[in-house]
Amino acid sequence: MWPSSLNKFIHKLPDGNSRVMAIKIELENHTDLDIVDKILIENTCGNNLSTHVPVFCVLAAKIQSNNIKKSSNSGKKFKIEWDRADLNKYQGKLKETLQENQSPNLTSTELVGNLIYCLKKAEKFAIPSRIIKLNGPKLKVSAETKILLNISKQKHRIWDIGGRKRGLDDSFKQLKEAKYNARKMIRKERAMERENFFSQLEQKPSSKTFFQLIKRNLGNNKTSVTQVIRHEEKDITCPDEQREVLAKTENVLLQYSLPSIDELLIFLPTKIKWKQSVRHAINTFWSNKFRSLSKENQTLIRLCTDIINIGEIHPVWKTATEIPGDTKKAITKARILTGTYLLQATKAKFNIGSTDPICPLCKLEEENLLHFLTRCPSLEGVRRTFYAPLKQAVINKIGIDQWKTNFQNRETLSQLIVDCRKLAGSILPNDNNFLNMVETISRNLCDKLHQQRLSQINALS
Ligand SMILES: [Zn+2]
């Protein structure tokens with residue numbers, strides 16, 4: 001029985017009985033303001049078979065939202081563990097804080113705020129809680145994947161409530177499937193994102209993408225989009241391996257005297273400029289390397305290395321037309337040029353001791369390049385025919401006297417046949433057209449000598 005002095009809300013039941021649904025509480029000293037704004041009794045609920053009906057009470061007092069300070073650990077979520085609460089401690093603390101915060105001239109709004117504050121303080125003091133969510137990096141996924149993730153979470157809850165059964169349990173199977181679907185989608189999206197980043201880096205490199213890559217590989221994860229760097233067709237995720245790759249890159253940049261990664265961070269050239277300087281640096285490096293190495297190489301003694309540049313075609317190929325016969329001739333000429341054309345003397349030098357260095361055609365002397373090109377009597381007929389236009393071309397250019405002075409020397413003559421460019425600037429003029437013509441004539445001469453030599457050797461055996 002409720003005291004009649006209480007301001008009650010009575011609900012009449014269909015069977016004639018009545019029931020107290022709510023009691024209106026009037027706070028001391030605050031009769032001026034009605035704290036309960038509205039009472040709603042829900043009695044039209046068709047499927048509610050019990051005699052109880054829900055009652056809603058709307059309070060008039062409101063807490064000013066800007067009074068609530070944003071907690072520093074926003075992003076963290078706690079679970080309050082009521083079952084582990086120390087009730088005596090809680091009640092004690094609540095009484096204590098309520099007493100502390102008592103004040104005679106409070107409005108009802110302030111009073112409600114106070115009450116909530118005291119409840120929270122007591123709760124923090126006496127009820128343990130644990131962190132269930134930390135303020136970690138946000139997972140960036142599409143709306144579709146988010147749905148899959150939510151399904152996965154729901155399935156996990158169902159499985160959890162059902163007692164976490166494993167094996168053939170239905171909820172377990174559904175959970176596994178939902179997890180698989182969500183993971184698959186996340187991986188797919190990450191791979192696409194990575195692919196996009198790399199294609200952006202390759203096709204439309206901007207300072208931003210380049211910096212992202214460098215910063216990430218230097219270990220600053222904050223601004224990075226991707227977790228991998230691609231090197232020689234492989235995705236590298238291990239930080240140690242990534243550092244190794246970066247160190248290698250740094251070495252390559254150093255080797256070709258290109259700006260270091262640190263310098264590139266400060267000043268990043270445009271794609272075209274970078275391409276140009278890389279090409280130039282690599283070509284210069286290898287051209288110099290080739291020149292210094294070829295000076296030590298005996299087989300390259302007749303090759304004019306000064307005009308050879310990496311990335312440029314040598315005149316031996318440039319002057320040859322695309323006719324297959326011409327290419328064959330150029331191959332023979334290139335062998336003579338690089339000292340890889342095999343004559344008996346070279347065979348004897350590099351091969352077995354039993355190889356005879358003597359010319360197999362005339363048997364007069366050692367068959368070296370000088371003998372083959374200028375001396376061997378067995379090749380004299382061919383030589384005379386194809387040597388004549390060469391001599392004529394040179395005489396037309398430098399005159400008969402100069403010819404006689406310089407080309408009586410067989411060594412100089414064979415140099416003219418092998419690579420005339422080595423004589424350019426001294427004996428011959430630096431005239432590109434003329435030098436190309438000499439190259440073409442000598443290519444024919446060398447080829448005819450080669451053919452003749454081959455057929456004579458074949459006839460011997
Ligand atoms: Zn001979």
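Threonine 374 counts as partly exposed because 17 C-beta neighbours lie inside 10 Å; the class lies between buried (20 or more other C-beta atoms within 10 Å of its own) and exposed (12 or fewer), with C-beta atoms placed from the backbone. This is a predicted model, in which local features need pLDDT of at least 70, side-chain atom pairs count only at pLDDT 80 or more, and totals for chains, interfaces and linings use all residues. Residues are numbered from 1 along each chain as its sequence is written.

**Threonine 374**
- Threonine 374 belongs to helix H12 (residues 369-375); helices are DSSP runs of H or I with at least four residues, numbered from the N terminus.
- Leaving aside residues up to four places away in sequence, threonine 374 touches Arg410, Leu413 and Ser414, where contact means C-beta atoms, placed from the backbone, within 7 Å.
- Arginine 410 is 36 residues from threonine 374 in sequence, and their C-alpha atoms are 6.9 Å apart.

**Helix H4**
- The 34 residues of H4 (residues 170-203) should span 50 Å at 1.5 Å a residue, and the end C-alpha atoms, 49 Å apart, agree with this; the expected span is 1.5 Å times one less than the number of residues.
- Leu175, Ala178 and Ala182 of H4 are buried.
- Helix H3 (143-161) is included in what covers the buried residues of H4.

**Helices H10 and H16**
- H10 (residues 324-337) and H16 (residues 432-460) pack at about 90°, with axes 9 Å apart, so H10 is roughly perpendicular to H16 (65 to 115 degrees).
- Axes are lines fitted to C-alpha atoms over the stretch in contact, and angles run from 0 to 180 degrees between N-to-C directions.
- Contact residues include Lys329 and Ile336 of H10 and Arg443 and Asp447 of H16.

Conventions
Helices (H or I, at least four residues) and strands (E, at least two) are DSSP runs, numbered from the N terminus. Two residues are in contact if their C-beta atoms, placed from the backbone, lie within 7 Å. Angles under 35 degrees count as roughly parallel, over 145 as roughly antiparallel, 65 to 115 as roughly perpendicular and the rest as oblique.
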